[in-house]
Amino acid sequence: MADTPEMSDVSAFLAVARAGGFREASRLGNTSASALSDAVRRLEAQLGIRLLNRTTRAVVPTDAGRGLMERIGPAFGEIGAALEHVRSFDGRAAGTLRLNVPASAARLVLPAIVPGFLAAYPDIRLEIDTDESLIDVIAAGYDAGIRYDERLAQDMIAVPIGPRLQRYGLGASPAYLNTHGHPQHPRDLLAHNCIRSRFAGRPAMAWEFEKDGETLVVEPNGQLLVRAGDATELGIRAAISGAGILALFEDWLRPHFASGELLPVLEPWWLSFSGPFLYYPERRLMPAPLRAFVDYIKTNRPG
């Protein structure tokens with residue numbers, strides 16, 4: 001019978017696969033890249049199969065590596081949760097909480113939550129990554145994520161976080177509107193230069209409107225298309241410079257309305273939608289940092 005692989009070697013493989021490279025896994029885990037490389041090499045030798053394809057540009061799991069991640073990832077998550085549960089018996093929540101969130105949540109939701117949470121739990125380390133894609137955040141090594149209800153997996157627990165009602169607004173610079181006129185109806189946007197956005201690998205987003213029970217979907221035209229999240233600030237700066245009309249979260253636009261850099265466009269037609277949720281898998285043992293965060297946001301909900 002072959003020797004059973006060391007759990008530390010299996011853990012090293014998971015860390016490297018999730019991080020997408022030895023250097024990043026080393027940074028996240030405070031472990032040397034050479035030690036991680038040695039551990040993965042030992043594991044591959046014991047199993048007799050390559051788990052990671054290594055190039056100068058990327059480290060990507062093989063089919064066998066992906067299969068191993070899918071099988072042992074949840075088990076290691078339960079082990080980590082069990083250890084955090086034991087640690088919590090000393091009366092304090094401690095450890096690392098990793099969240100995967102869209103840029104809108106990092107900008108509009110978390111600033112009102114994070115400082116108070118960190119002050120309440122000084123032994124918790126909070127790591128936040130922004131991501132707009134529909135990834136499996138648990139398989140990627142996160143404890144939880146923030147998404148809107150239309151993008152939530154059905155097998156997750158969802159807890160409201162942040163404002164429960166938001167709006168998507170439109171704004172343009174005074175110079176642009178003085179030159180090109182103020183749209184009076186969403187259909188008028190078809191004659192304007194509109195700054196659009198899209199998620200990675202997906203088409204540009206249509207613009208939706210509602211007023212007095214009437215709903216409209218418009219596919220506007222424009223010279224500039226930006227990636228949602230990553231290039232949102234570029235879209236804002238372009239709109240302020242007079243490049244066109246921008247659609248974005250109302251709360252993101254409000255400071256620029258207040259400064260006069262942008263003016264609201266078609267405000268009576270702005271679409272309202274429900275706010276975001278913190279989501280995570282149902283577990284018998286929830287990691288102590290995640291439990292503390294869930295309890296905190298339930299206790300400190302707005303309104």
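**A friendly tour**

A: Tyrosine 168 is partly exposed, with a relative accessible area of 24%; buried means under 20% relative accessible area, exposed over 50%, and partly exposed in between, with a 1.4 Å probe and protein chains only.

Q: Is phenylalanine 249 buried or exposed?
A: Phenylalanine 249 counts as buried, at 10% relative accessibility.

Q: What kind of model is this, by the way?
A: This is a predicted model: local features need pLDDT of at least 70 and side-chain atom pairs count only at pLDDT 80 or more, while totals for chains, interfaces and linings use all residues. Residues are numbered from 1 along each chain as its sequence is written, and side-chain values use heavy atoms, leaving out hydrogens and water.

Q: How many helices and strands are there?
A: The protein chain has 10 helices and 15 strands. Helices (H or I, at least four residues) and strands (E, at least two) are DSSP runs numbered from the N terminus.

Q: And how much of the chain is buried?
A: Of its 303 residues, 45% count as buried.

Q: Where do phenylalanine 117 and tyrosine 296 lie?
A: Phenylalanine 117 is in helix 6 (residues 114–120) and tyrosine 296 in helix 10 (residues 288–299), so the pair ties together parts that are 179 residues apart in sequence. Both phenylalanine 117 and tyrosine 296 are buried.

Q: Back to tyrosine 168 and phenylalanine 249: why is that pair edge-to-face?
A: Their ring centres are 5.3 Å apart and the planes stand at 65°, so the pair counts as edge-to-face. Tyrosine 168 belongs to strand 7 (residues 165–172) and phenylalanine 249 to strand 12 (residues 245–249), so parts 81 residues apart in sequence are tied together.

Q: Which residues form a cluster through ring pairs?
A: Ring pairs link Phe117, Tyr121, Phe293 and Tyr296.

Q: New topic: which residues touch the most other members in the largest nonpolar core?
A: Of its 31 residues, those are Leu170, Leu189, Trp207, Phe209 and Ile245. The largest share of this core, 5 residues, comes from strand 12. Another core, of 25 residues, lies apart from it and has Ile113, Phe117, Phe293 and Tyr296 among its residues. A nonpolar core is a set of buried Ala, Val, Leu, Ile, Met, Phe, Trp, Tyr and Cys residues joined through side-chain atoms within 4.5 Å.

Q: What about helix 2, which residues are buried there?
A: In helix 2 (residues 22–29), Phe22, Ala25 and Ser26 are buried. Seen down the helix axis, the buried residues fall within an arc of 105°, so they line one face; the arc is that of the directions from the axis to the C-beta atoms.

Q: Which exposed residues are on the face turned away?
A: The face of helix 2 turned away from its buried side carries the exposed residues Arg23 and Arg27.

How values were computed:
Rings of Phe, Tyr and Trp (its six-membered ring) pair if their centres lie within 6.5 Å; planes under 30 degrees apart count as stacked, over 60 as edge-to-face and the rest as tilted.
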